[in-house]
Amino acid sequence: MNNQNDNGCDICKNGWYAGKPPLEIGQNDERWATLHLCEVCGTYWEAHLRNAVIISKDDAMKYYPATFANKVEDGSHQ
Ligand SMILES: [Zn+2]
């Protein structure tokens, strides 16, 4: 089994084509995009109008701060 978070897993990759995308956990109106998290492999995806791309957790936290503010206490800033 290859569990590379950079590439997603078969479940989330195929899910986009099958109309069953990973769980939506946030949205960013400025980017016209939504944030999705694969519960299987932990990959973050950003879905745009016509495509979906894998993004790093750092980018996910940057573009969707509200999503993470609700979930985790981030001690990296005051
Ligand atoms: Zn996955």
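This is a predicted model: local features need pLDDT of at least 70, side-chain atom pairs count only at pLDDT 80 or more; totals for chains, interfaces and linings use all residues.
Let's start with the strands. They form an open sheet in the order S1-S2-S3-S4, with antiparallel pairing. Strands S1 and S4 sit at the edges, each pairing on one side only. On average, neighbouring strands of this sheet are turned by 30° against each other, direction ignored. As a bit of background, strands of a sheet pair through backbone hydrogen bonds, either parallel or antiparallel.

Here is where to find the strands:

| Strand | Residues |
|---|---|
| S1 | 23-28 |
| S2 | 33-37 |
| S3 | 44-47 |
| S4 | 52-55 |

Take a look at S3 and S4: they pair in the antiparallel sense over 4 bridges.

Now for Trp32, which is found in the loop between S1 and S2. Its phi is near 55°, a positive value in a residue other than glycine. Most residues other than glycine have a negative phi. Is Trp32 buried or exposed? Trp32 counts as exposed because it has 10 other C-beta atoms within 10 Å, and the cut-off for exposed is 12 or fewer.

Finally, the chain as a whole. Buried residues make up 18% of the 78 residues in the protein chain. Among contacts between residues at least 6 apart in sequence, 40% join residues at least 24 apart.

Conventions:
Residues are numbered from 1 along each chain as its sequence is written. Two strands pair if DSSP finds at least two bridges between them. Helices (H or I, at least four residues) and strands (E, at least two) are DSSP runs, numbered from the N terminus. Axes are lines fitted to C-alpha atoms, for helices over the stretch in contact, and angles run from 0 to 180 degrees between N-to-C directions. A residue is buried if 20 or more other C-beta atoms lie within 10 Å of its own, exposed if 12 or fewer, and partly exposed in between; C-beta atoms are placed from the backbone. Two residues are in contact if their C-beta atoms, placed from the backbone, lie within 7 Å.
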